[in-house]
Amino acid sequence: MAKRSTRKLQTIGLLSDLDAPLKSRPAAKRDKDQPRLPFDPMPQRIEPALALLARKPPTGDQWAYEVKWDGYRLAVHVESTGVRIITRGGHDWTSFFPAIATAAKALGPATMILDGEAVVLDDKGLPNFGLLQQALGGRRATRAAGAAIFYAFDLLYFDGHNLTGLELSSRRHMLTTLLNDRSSDAIRLSETIEADGESLLRNACAHGLEGIIAKDINSPYRSGRRGDWLKIKCSNSESFAVIGYEPSQKVQGSIASLLLAAKQDDKLVYVGNVGTGFSAKLARDLRRQLDTMRVETPSVPIKGKGLVFVRPTLIAEVNFSAWTHDGNLRHPAFKGIREAADHAEVYQLV
């Protein structure tokens, strides 16, 4: 298990995990009698490991905790030919994060793949998904997000070697050593926090964070939701398909609410509407976008006067307090539209 220290986390005053800095040495002449070690070709892309939703933090020495960052999942590839920044959905977004790309290049000359999350911090030092979308020019990324910060939480490939088969504690040790004296404003270490899971969750919620992530330090890096990583949220926040909208009766060319659906097996199921959390501009922008996606027949059976139905291709991130007895969202609040590049998944009803 990697050694943990008690140096304070920059932005939110929690604990960290740091080791001695990585120091390079002058290259020595190769001994001809020494066998050549095999090198692993750098993968073009590694499907990300994803966290399963859990109701409470797990217990046991094998679990390490981190902040749950509220942003876009990215893989940063530092290659001999340059830097590539790949989204969770496999799209190249290098041009949208030039500061992160520049900082990644400075980590070389070794080749590497960093796994992490791009966020924008508010004036309290907390990640804010809305500010990230604003920095990118809106729901559809149209400009470089100069204020974005990349929090790295895993090292998947380094200096010619694929590390995904190693246990997390070893990968974290290497990542911490790499970033200990090379982190920058644009690339920072997502620090491991030494604390009881229940206490840490309460502290994270009190700070206004989205929640925490628990990771099995003995696990290799496995793509998909395998249970090696767990997410514990401060409030319910899930992704739902937008199947239509209710036009605003007060503001012309705007929306009053979005109609939402979740998945049940292979079908969509209506789970209610959300009518709070929009700015006036966003409500108008959504109306214009949705009007290009109109259909006559709704994706799920739904009744109501004046409703407009659309193809269920947009995915909305929504906060809510609970589920009602009839399967609708209680006290929903709109958080943002997830990009196709972020490969968001529509919430699956059990």
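Is Arg171 buried or exposed? Arg171 has 0% relative accessibility, so it counts as buried. Buried here means under 20% relative accessible area, exposed means over 50%, and partly exposed is in between, with a 1.4 Å probe and protein chains only.

Before I go on, a word on the source. This is a predicted model, where local features need pLDDT of at least 70 and side-chain atom pairs count only at pLDDT 80 or more, while totals for chains, interfaces and linings use all residues. Residues are numbered from 1 along each chain as its sequence is written, and side-chain values use heavy atoms, with hydrogens and water left out.

Back to Arg171. Its side chain meets that of Asp154 in a salt bridge, at 2.8 Å from N to O. The two are 17 residues apart, with Asp154 in strand 6 (residues 149-158) and Arg171 in helix 3, so to speak of the pair is to speak of a link between distant parts of the chain. Asp154 is buried too, with a relative accessible area of 0%. By salt bridge I mean a side-chain nitrogen of Lys or Arg within 4 Å of a carboxyl oxygen of Asp or Glu. The count by this rule is 17.

The next residue along, Arg172, forms a salt bridge with Glu66, and the closest N and O atoms are 3.8 Å apart. Arg172 lies in helix 3 (residues 168-179) and Glu66 in strand 2 (residues 63-67), so this pair ties together parts that are 106 residues apart in sequence. Both Arg172 and Glu66 are buried. Helices (H or I, at least four residues) and strands (E, at least two) are DSSP runs, numbered from the N terminus.

Now helix 3 itself. Nine of its 12 residues are buried, so the helix is largely enclosed by the rest of the structure. Among the buried ones are Leu168, Leu175, Leu178 and Leu179, along with Arg171 and Arg172. From first C-alpha to last, helix 3 reaches 16 Å, close to the 16 Å expected at 1.5 Å a residue. That expected span is 1.5 Å times one less than the number of residues.

One more salt bridge pair. Lys233 and Glu238 meet through their side chains at 3.9 Å, N to O. Lys233 counts as buried at 15% relative accessibility, and Glu238 counts as buried at 13%. Elsewhere, salt bridges that share partners join Lys68, Asp70, Glu210 and Lys335 into one network.

On to strand pairing. Two strands pair if DSSP finds at least two bridges between them. Strand 16 (residues 315-320) pairs with strand 11 (residues 236-247) in the antiparallel sense, over six bridges. Strand 16 is also joined to strand 19 (residues 333-338) by five bridges, again antiparallel. Asn319 of strand 16 is the bridge partner of Ser237, and Asn319 also stands opposite Ala333 in strand 19. Five of the six residues of strand 16 are buried, which leaves the strand mostly covered. As background, side chains in a regular strand alternate between the two faces of the sheet.

On a 1 Å grid over the protein atoms alone, a cavity is a set of points where a 1.4 Å probe fits but cannot get out; a pocket is an open set with protein on both sides within 12 Å along at least five of seven lines; and lining residues have an atom within 4 Å of a point. Grid points are joined across faces, edges and corners, and a volume is the space filled by probe spheres set on the points.

What is the volume of the largest pocket? About 860 Å³. The largest pocket has 35 lining residues, and those nearest its centre are Ala51, Lys68, Arg88, Arg225 and Lys231. Strand 1 gives the most to this lining, five residues. The lining divides into 14 nonpolar, four polar and 17 charged residues.

The whole structure holds three cavities of 30 Å³ or more, and the largest cavity contains about 100 Å³ of space. It is lined by 14 residues, with Ile46, Pro48, Ala75, Ile86 and Thr87 closest to its centre. Strand 3 supplies the largest share of that lining, four residues. Eight of the lining residues are nonpolar, two polar and four charged.

Last, some backbone details. A cis peptide bond joins Gly108 and Pro109, with omega about 15 degrees. Pro109 sits in the loop between helix 1 (98-105) and strand 5. Asp265 has a positive phi, near 60 degrees, in a residue other than glycine. Asp265 is in the loop between strand 12 (255-264) and strand 13 (267-274), and is exposed, with a relative accessible area of 61%. His331 also has a positive phi, near 50 degrees. His331 is in the loop between strand 18 (329-330) and strand 19, and counts as exposed at 61% relative accessibility.

Conventions. Ala, Val, Leu, Ile, Met, Phe, Trp, Tyr, Cys and Pro count as nonpolar, Asp, Glu, Lys and Arg as charged, and the others, Gly among them, as polar.
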